[in-house]
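Here is a short briefing for a first look at this structure. Keep the sequence and the 3D view at hand while reading.

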Amino acid sequence: MKMITRRGVFLWILSVLFVAGLVFMGYSLVEEGDVWVMKYYNSHVYNDGKLIAAGAITDRDGVVLVETKDGDRVYNESKSIRKSNLHVVGDMRGFIATGVQTAYESELVGYNVLTGVYGIERGTNGNDLKLTVDSELNKIAYNALEGRKGTIGVVNYKTGDIVCMVSAPTFDVNNVPRDLDTNPIYEGAYLNRFLSGLYTPGSTFKIVTTICALENMGNDVLNETWNCKRIFDVDGIKEDNIICNSYHGKIDFEHALAQSCNTAFGSLAIQLGADKLKATVDKLGLTSSVSVSGKISSAAGRFPLESDAADTTVGWTGIGQGDTLLNPASMLRLMCAIANNGKAVSFNIVDDFSNQAGKALGVSFKSDETQLISSETAETVKKLMRSNVVIQYGESRFPGLNICAKSGTAEIDDVDAHNTALFVGFLDDEAHPYAFIVVAERGNSGSKVAGSIANTVLQAVVEQD
C-alpha cells in the first residue's frame with residue numbers, strides 16, 4: 001500500500017512538472033518566439049548570416065531603401081542614398097544593431113505566434129516598413145558633413161518623429177571596403193553616432209548650467225554680472241586656470257551665454273555646486289537612455305561629478321569640459337523640451353507597417369510626453385537661445401529661419417588633440433517645429449562649421465516639409 005502511495009505521489013509530481021513545463025514553453029513561445037525564429041541558423045530567413053527574406057523598408061515619401069528580390073536583399077540603386085541612410089536601415093548581417101532592419105526584423109519577416117514565418121516559407125516577403133525619415137534629407141545632411149566623422153539629427157518636437165538621422169563614417173553596403181575593420185577612416189562605421197555616440201558637450205552644456213541656475217536661483221540670476229579678464233583663477237593654482245575665449249570685461253547673463261563666457265559660467269557652476277548640477281543633469285535625462293519607437297535605445301550619458309569635487313573641477317564641468325560625456329539623442333530631446341514648453345515627446349522612427357497587399361497594419365508605439373523643465377524655464381531659455389543668434393551668430397547666416405541655438409567647441413584632450421564642433425537648437429516656428437543637433441568631429445568651430453551645416457540641413461527641411 002505504501003509503495004502504491006509513493007508511486008501515486010511520484011506520478012502527481014511528474015504531472016505537475018509536465019504541466020509546468022508546458023506552461024513555461026507556452027509562455028516562452030509567446031514572449032520569445034520571435035527571438036527563436038530570428039536566429040541566424042534559420043535558413044528560411046538567413047543565408048550565411050545574411051538576411052534574405054523580409055519586407056521592404058521605405059522612407060516617409062515611399063522611396064525604397066531596401067527590399068527582397070528573388071531571395072536577396074537589394075538596397076536602393078543610388079550609392080549616396082545607400083551610404084547616407086545605412087545607419088537608419090542597417091546592414092544585412094546586423095552589425096549595426098540600432099538599424100531598423102535588425103530592431104524590427106521579426107515584424108519585417110511577418111512573424112506571428114500562431115503561424116511563425118509560414119508566409120516567408122510560402123514565398124511572400126513579409127511586412128513592409130515605412131519610416132518617418134526622409135532619405136533625401138539624410139543625403140543632404142551626409143554631404144554637408146563634408147567627409148567629417150559625426151552625426152546630424154532633426155526631429156519634430158511636437159510629434160517626436162525623426163526626419164533626419166545621419167552618422168559618419170559610413171560605407172556602401174553593396175561594396176563593403178576590404179579594410180573596413182582596419183582603416184582609421186572607417187573607425188566606428190558600424191556605430192550610429194546619433195544613438196550610440198558619446199561626446200564632450202563643450203559650451204552647449206551651458207544650456208544645462210543655465211537651466212540649473214534658473215530652477216535653483218530663479219530669474220534673479222539673469223541680473224547677475226561678471227568681470228571677465230579672460231583668465232579665471234579659481235584656486236590660485238595657475239595650471240587650473242579656466243581660460244575664456246575672449247576678454248569680455250563686465251558682462252551680463254544674456255551676453256555671457258551668447259558670447260559663451262567661460263568666466264561667467266565657470267563662476268556660476270561653482271556657485272551652484274556639484275550636487276545641484278548633477279541633480280539637473282539627471283532630471284533632464286542626460287544620463288538616461290532615450291527610447292526610439294519602443295525597440296531602439298540610445299547610449300546613456302556620463303556625468304561623474306562627485307559631491308566633494310574641487311571648485312576648479314566644478315567650474316570646468318559647468319562650461320562643458322571635463323569628464324562629461326553626453327549622447328546626441330538625449331541632447332536633442334532636451335532641445336525638444338525647451339521648444340515645446342518644457343515637454344519632451346518620445347522619439348519615433350516608424351510610420352507604419354503594411355502587408356504585401358498594401359494594407360496598413362496599424363502598428364503604433366506608445367507616445368508620451370515628459371515634463372523635463374517648467375514652462376517658465378523653457379520660455380526663458382528659448383529667449384536666451386534666440387538672443388544667441390541675434391547677438392552672436394547673426395541672423396543673416398540662417399535666412400528665413402527663426403532659429404534658437406547654442407554652439408559648442410569641445411576640446412578633446414588625447415594624443416591627437418582636436419576640437420569637436422557642436423550646434424544645437426530648434427526653429428521657433430509652428431509651421432516647422434523642428435529641433436536639431438549637429439556634431440562634427442575635428443570641426444574646430446561650433447558656430448562657424450557646425451552652424452553652417454545646420455543651416456544647410458534646416459533649409460532643406462523647411463523646403464521639403
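Five strands make up an open sheet, in the order E5-E4-E3-E6-E16, with mixed pairing. Strand E5 (72-75) and strand E16 (350-354) stand at its edges. Each has a single partner strand, so one side of each is left without a neighbour in the sheet. The model is predicted.

**Inside the open sheet**
- Strand E3 (residues 57-58) and strand E4 (residues 64-69) run antiparallel.
- Two bridges join E3 to E4.
- In general, strands of a sheet pair through backbone hydrogen bonds, either parallel or antiparallel.

- Strand E19 covers residues 418-427.
- Nine of its 10 residues are buried, so E19 is largely enclosed by the rest of the structure.
- Buried here means under 20% relative accessible area.
- Strand E18 (residues 403-412) pairs with E19 in the antiparallel sense, over 10 bridges.
- Lys406 has Val424 of E19 as its bridge partner.
- Strand E20 (residues 434-440) also pairs with E19 in the antiparallel sense, over six bridges.
- Val424 has Ile437 of E20 as its bridge partner.
- A hairpin of six residues leads from E19 to E20.

**A cis peptide bond**
- Most residues other than glycine have a negative phi, and most peptide bonds are trans.
- The bond from Ala168 to Pro169 is cis, with omega near 10°.
- Pro169 sits in the loop between strand E8 (162-168) and helix H8 (193-196).

- Asn341 is not a glycine, yet its phi is positive, near 60°.
- Asn341 lies in the loop between helix H14 (328-339) and strand E15 (343-345).
- Its relative accessible area is 42%, so Asn341 is partly exposed.
- Arg442 is another residue other than glycine with a positive phi, near 60°.
- Arg442 lies in the loop between E20 and helix H16 (446-464).
- Arg442 has 44% relative accessibility, so it counts as partly exposed.
- Partly exposed covers the range between buried, under 20%, and exposed, over 50%.

Methods: Residues numbered from 1 in each chain as written. Predicted model: local features only at pLDDT ≥ 70, side-chain atom pairs only at ≥ 80, totals over all residues. Heavy atoms only, no water. Pairing = 2+ DSSP bridges. Helix = DSSP H or I, 4+ residues; strand = E, 2+ residues; numbered from the N terminus. Buried < 20%, exposed > 50% of the residue type's maximum accessible area, 1.4 Å probe, protein only.
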